[in-house]
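This report goes through a structure chain by chain and then turns to the contacts between chains. The sequence and model are shown first.

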Amino acid sequence: MEMNRREMIADTGKYILMTGAAAIAWEYVLAGKAEASPNYDVTKHWWAMIIDVDKCIGCGNCVRACATENDVPEGYFRTWVERYHIEDWKSENPEVDSPNGGFDGFPDKHQGGKNFFIPKLCNHCADSPCVQVCPVGATFRTPDGVVLVDEKYCLGCRYCIQACPYGCRFLNPKKNTADKCTLCYHRITQGLTTACCESCPTSARVLADLKNPKDPVHEFLRTHNVQVLKPHMATGAKVFYKNLDGAVR
Amino acid sequence: MLCLLGMKDFLRNTEHLSRVVLLLVVGLIAFLLVRRAVVPAEFGKWGHYRPASLDDVRARPIKFAGREACEACHSDQVEAKSKGKHVNVGCEACHGPLAKHAEDPSAVVPQLPDTAILCARCHEANSAKPKGFPQVITAEHSAGLPCNTCHKPHNPKIVSEN
Amino acid sequence: MHGVEGYIYPNELELQWSVLVVLYPYITGLVAGAFILASLERVFKVDAVKPTYRLALLVALAFLLVAPLPLQMHLGHPERSFEMYLTPHKSSAMAMFGFVYLWYLMIVLLMEIWLEYRKDIVQWSQSGAGFKRLIYKVLTLGSKNISPGALKVDDKVGWFITLIGIPSAFLLHGYVGFIFGSVKANPWWSTPLMPVVFIFSAMVSGIAAVLLLYMLTSKLKKMVIDMRCVDKIAQYLLYAFIIDFSLEMLDLIHRIYEADESLNALDFMVHTRLFFSQVILQIGLGTLVPIALLGLVQMVKFSEVVRKRIYVFAGSLTMISILAMRWNVVIGGQLFSKSFLGYTSYKMEFATREGLLPAVALVLLPFAILWILVKLLPPWPKTEAAA
């Protein structure tokens, strides 16, 4: 009886509470037919992510969620969390660790100094060196700004892994092709957020659509000190960090 | 006349080279024909890649249903959360990926997480956590008792009893 | 973690490019170097090196046929490598490899060898017997014209092909250097000097290889070693080596003096993980010793026997040096983290697809091919070959 009531709410409440697009998309999720999802227009989006360093608590939820959502093989990471420890003025020599990519969280370690967590993932660069070097067109930037790998076309030459300045790529040991964060492309094109953002308890990561004028990202970028990783690499990185310490690399 | 003879000589003496050129041209044409036949359809439509691979990536099944899907049914819990500090924490951040449950609530019945483990993931004291974030040394704080002995996870603030 | 020091990004634990990728620039370098030596005789009319002309061409061909194999074996999906020809990505430094390779193989090397041997091939196709004769018959492409007029045309066309062959050889190997030199994420690789260093190290290794193979084959065939020829080749080896070494030192000094953010990481690496292969093998034993020995020959009049021994010794060290150089570039460039905060190590496997065993097999394979080529197209001067 209880179940029936819930199901009824499911059918009606879903449409009341969910945005129209998300609700329709959800139907396609249930049907398992992503490609048929009709109202996603690749030309109307430009995906990015904002990361509020001051909110990251190093719980590792994002790392675990990513591994679950995307079947990331053990020991490889599409996203990971680093812990920085800086003694006083020695920001050129930070002490960094990331045990198992932060998958199991971080046991308390440092006393004194400056300590903080930095979540990392593919920066979905607009001018990505990994896309530049792919010899066959197996990695590319989609019209909506996501860097993807074509598993059916990748040679496994690993030039892209060498070219990524951020260490975001790896060779998938089961598929023998390059592997990386897809920004949960299967989710974001259906009105959902990424698995890492969905599971982040403090909203330290938030998916952003730079082409959507109503996205709060614009306000965020306007009102904070924002930095990308390794800006001297000039890759057009689209993961924006708020209050990023200069020691982070 | 002499020129014509020279031309004839030249043609005869380069005839073997024309065979090489012919071989190369035949090879080139064969290559172009094969290339035409096997390059994936629509390759290069949006850029130097197979546009169909976008669909391949999108075809991946979803594991995390997303907060909106949970809230569609569990309005009672939305209500409970709404006044507490955990209001912005996504359901699956604690309850785990439940797209299967959202799809068919009777098929997968989610287990309640063990608060003794769950809460510590976020709230165990760590020098690298932001200073304003509530942290405890669980061993000292609760002496091994599960957190939900005192705190309600959906609204953790302890309001005085009675 | 085992073999890791400091902090590396979690995906950097594994080295992506193995010992097979070390072989790739080594083997292509031998091709380019051997060809450049051969072209000395043809284009610059250096008569002294003529006895090695045909041998150098065959050496280049034998190694060129093997050059793509290490890459092929290294790919995660070797069956997809033809995509390089189907949909080459214009912005990728690697995508042109297939075309540069085919150009060099089909247009330059095979053409030059064919034109050089055509007269002999036609004669062998008429005198020989059995299977070998059939091969020669196919190789004539059905033309028996070896009139003086036709041979004159061959000579002219051959000269022209050698002429475009020299920049092609530079392209072939300079291009390999560019594949590494253009990776901006990797400071160990990223330098415009990389293609130039690759070209000169290629010449060094190719010249040394032909020198050694000429002396070895002469010994095996009980032929007299032409001292005028080997003296000249050793001289070229010395010059090429000095330029190569100067360029590499320029690169090193520039890095040390400029001292950018990566210096600490690279400096540490050269003093630890690369100390043996870089400082001892490549620079010390492999470069300074041969340069000193070959330089000494230029200054002191040694007897023939001593000179021969010096050449064999210096040539062998040179071959090791250039192999070590490729190792230090390819493996060295992957030992430090792109965070510049830590180091990983390379654990070479043995009997796996990218292990030591296939690597050794791939180094030996060109010699097997060369053995067949030499049987089919004897490079020796007629009088001695007939004897």
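## Chain C: overall form

In this predicted model, 47% of the 387 residues of chain C count as buried. Chain C contains 14 helices and two strands. Its C-alpha trace spans about 70 × 55 × 35 Å along the principal axes.

A compact globule of 387 residues would have a radius of gyration near 21 Å, and the 22 Å of chain C agrees with that.

## The largest nonpolar core

The largest nonpolar core has 212 residues. The residues with the most contacts inside this core are C:Val31, C:Ala34, C:Val59, C:Ala60, C:Ile207, C:Val210 and C:Leu237. Helix H1 of chain C, residues 19–43, gives the most to the core, with 17 residues. As a general point, nonpolar side chains in soluble globular proteins tend to be buried together.

Apart from neighbours within four places in sequence, C:Ala34 is in contact with C:Ala56, C:Val59, C:Ala60, C:Gly206, C:Ala209 and C:Val210.

## A sheet in chain A

Chain A has an open sheet of four strands, in the order E9-E1-E11-E10 and with mixed pairing. Its edge strands are E9 (205–209) and E10 (226–227), each of which pairs on one side only.

Strand E10 of chain A pairs with strand E11 (residues 239–242) of chain A in the antiparallel sense, over two bridges. A:Val226 has A:Lys242, in E11 of chain A, as its bridge partner.

## Where chain A touches chain B

Contacts between these two chains involve 56 residues of chain A and 42 residues of chain B. On the chain A side, the elements that give two or more residues are helices H1 (2–17), H2 (20–31), H3 (61–70), H6 (185–188) and H7 (195–199), together with strand E4 (114–121). H1 of chain A gives the most, with eight residues. By class, this side of chain A has 25 nonpolar, 17 polar and 14 charged residues.

## Where chain A touches chain C

Here 34 residues of chain A are in contact with 30 residues of chain C. Two or more residues on the chain A side come from each of strand E3 (95–97), helix H4 (129–133), helix H5 (159–163) and strand E7 (170–171). H5 of chain A gives the most, with four residues. The side of chain A that touches chain C divides into 21 nonpolar, nine polar and four charged residues.

How values were computed. Residues are numbered from 1 along each chain as its sequence is written. Chains are lettered from A and ligands numbered from 1 in the order in which they are written. This is a predicted model: local features need pLDDT of at least 70, side-chain atom pairs count only at pLDDT 80 or more; totals for chains, interfaces and linings use all residues. Two strands pair if DSSP finds at least two bridges between them. Two residues are in contact if their C-beta atoms, placed from the backbone, lie within 7 Å. Ala, Val, Leu, Ile, Met, Phe, Trp, Tyr, Cys and Pro count as nonpolar, Asp, Glu, Lys and Arg as charged, and the others, Gly among them, as polar. A nonpolar core is a set of buried Ala, Val, Leu, Ile, Met, Phe, Trp, Tyr and Cys residues joined through C-beta atoms within 7 Å. A residue is buried if 20 or more other C-beta atoms lie within 10 Å of its own, exposed if 12 or fewer, and partly exposed in between; C-beta atoms are placed from the backbone. The radius of gyration is taken over C-alpha atoms; the globule rule is 2.2 Å times the number of residues to the power 0.38.
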